[in-house]
Amino acid sequence: MANYPTYVIFFCNFDYYRRGLVRYQFEFRDKWHPEIAAGDLRTLVVFNTKAKDYQHADMIQGTVDTNDKFIAAVDAEVQEIRADKQREARFMKEQIELRRQLRKSREAERNKNTLGLIKALEKRGTPTPEIVAMIADAQSISQAEAQKYYDQLVVVS
C-alpha cells in the first residue's frame, strides 16, 4: 500500500467522457463492491475545459494568471513538456494508448451486453433473424453488419 496519495491529472480541451461535466474523478475500487477501495491512494482526475462551468479556460487558451501559484506551476510543467519534444511525443503516445484501451474496453462491454441479450432472446425462442434485426436497430448498423456481429459473438461464446 502507498503511503502518499498520487494524482494523475489530465486537462482535455474536449469532453472525453461526453457527459458535460467539468471534472471526472476516479479512484481504484472493487468492481462489484465499490465501497472497497484499493487503498493505494491513486486518483485520476480529468478536467473538461470545454464544460460550461470550467473556470480556468484561460490556462488552456494560453493566458495564465501567474498570480495563482497552482496554476503557474501547472503552466510551467505544460511549457516544459511542450519544450521537450521527446517528452511531448511520449505523452501523445500515452494519450493514444489510453484512447485505444478505452475503445477496446467499451467494445468488450458492448459485446458482453449484446451477447447477454442474444442468449436471453434465444432462451425465449426468438428466431435468429429477429435477434439480428434487434442488434441492427440497437447499434444503428446494417442487417449484414448485425449478422456478422451475431455470428462472431455466437461463435466466440
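Colleague: Which residues line the largest cavity?

Modeller: Phe-10, Cys-12, Tyr-16, Tyr-17, Val-46, Gln-95 and Leu-98 form the lining of the largest cavity. A cavity is a set of points on a 1 Å grid over the protein atoms alone where a 1.4 Å probe fits but cannot get out, and lining residues have an atom within 4 Å of a point. This is a predicted model, in which local features need pLDDT of at least 70 and side-chain atom pairs count only at pLDDT 80 or more, while totals for chains, interfaces and linings use all residues. Residues are numbered from 1 along each chain as its sequence is written, and side-chain values use heavy atoms, with hydrogens and water left out.

Colleague: Let us move to the second largest pocket; what is its volume?

Modeller: The volume of the second largest pocket is about 370 Å³. A pocket is an open set with protein on both sides within 12 Å along at least five of seven lines. The second largest pocket has 13 lining residues, and Tyr-17, Phe-26, Phe-28, Leu-44 and Leu-98 lie nearest its centre. Two or more lining residues come from each of β1, β2 (23-27), β3 and α3.

Colleague: Which element gives the largest share of that lining?

Modeller: Helix α3 does, with 4 residues. By class, the lining of the second largest pocket has 7 nonpolar, 4 polar and 2 charged residues.

Colleague: Turning to the rings, how many aromatic pairs does the structure hold?

Modeller: The structure holds 5 aromatic pairs. Among them, Tyr-16 and Tyr-17 are edge-to-face, at 4.9 Å centre to centre and 70° between the planes. Rings of Phe, Tyr and Trp (its six-membered ring) pair if their centres lie within 6.5 Å; planes under 30 degrees apart count as stacked, over 60 as edge-to-face and the rest as tilted. Phe-14, Tyr-16, Tyr-17, Tyr-24 and Phe-26 form one aromatic cluster.

Colleague: Is Tyr-16 buried or exposed?

Modeller: Tyr-16 counts as buried because its relative accessibility is 12%, whereas Tyr-17 is partly exposed at 22%. Buried means under 20% relative accessible area, exposed over 50%, partly exposed in between (1.4 Å probe, protein chains only). Of the 157 residues of the protein, 22% count as buried.

Colleague: What sits over the ring of Phe-28?

Modeller: The charged end of Arg-42 does, at 4.0 Å from the ring centre. The criterion is NZ of Lys or CZ of Arg within 6 Å of the ring centre and within 35 degrees of the ring normal.

Colleague: Next, Asn-48: where is it found?

Modeller: Asn-48 is found in strand β3 (residues 42-48) and is buried, with a relative accessible area of 3%. A polar atom of the Asn-48 side chain lies 3.1 Å from the backbone oxygen of Leu-21. The side chain of Asn-48 also reaches the backbone nitrogen of Lys-50, at 3.0 Å.

Colleague: What about the backbone: which phi value does Arg-18 have?

Modeller: Arg-18 has a positive phi of about 55°, although it is not a glycine. Most residues other than glycine have a negative phi. Arg-18 is found in the loop between β1 and β2 and is exposed, at 65% relative accessible area. Ser-140 also has a positive phi of about 55° without being a glycine. Ser-140 is found in the loop between α4 (128-139) and α5 (143-156), and it counts as exposed at 68% relative accessibility.

Colleague: Finally, what pattern does the protein follow along the sequence?

Modeller: The pattern is β-β-β-α-α-α-α-α, from 5 helices and 3 strands. In helix α5 lies Gln-152, whose C-alpha atom is separated by 9.9 Å from that of Asn-111, 41 residues apart along the chain.

Note on methods: A polar contact is a pair of N or O atoms within 3.5 Å; within protein, one must be able to donate a hydrogen and the other to accept it, and residues adjacent in sequence count only if both atoms are side-chain atoms. Grid points are joined across faces, edges and corners, and a volume is the space filled by probe spheres set on the points. Ala, Val, Leu, Ile, Met, Phe, Trp, Tyr, Cys and Pro count as nonpolar, Asp, Glu, Lys and Arg as charged, and the others, Gly among them, as polar.
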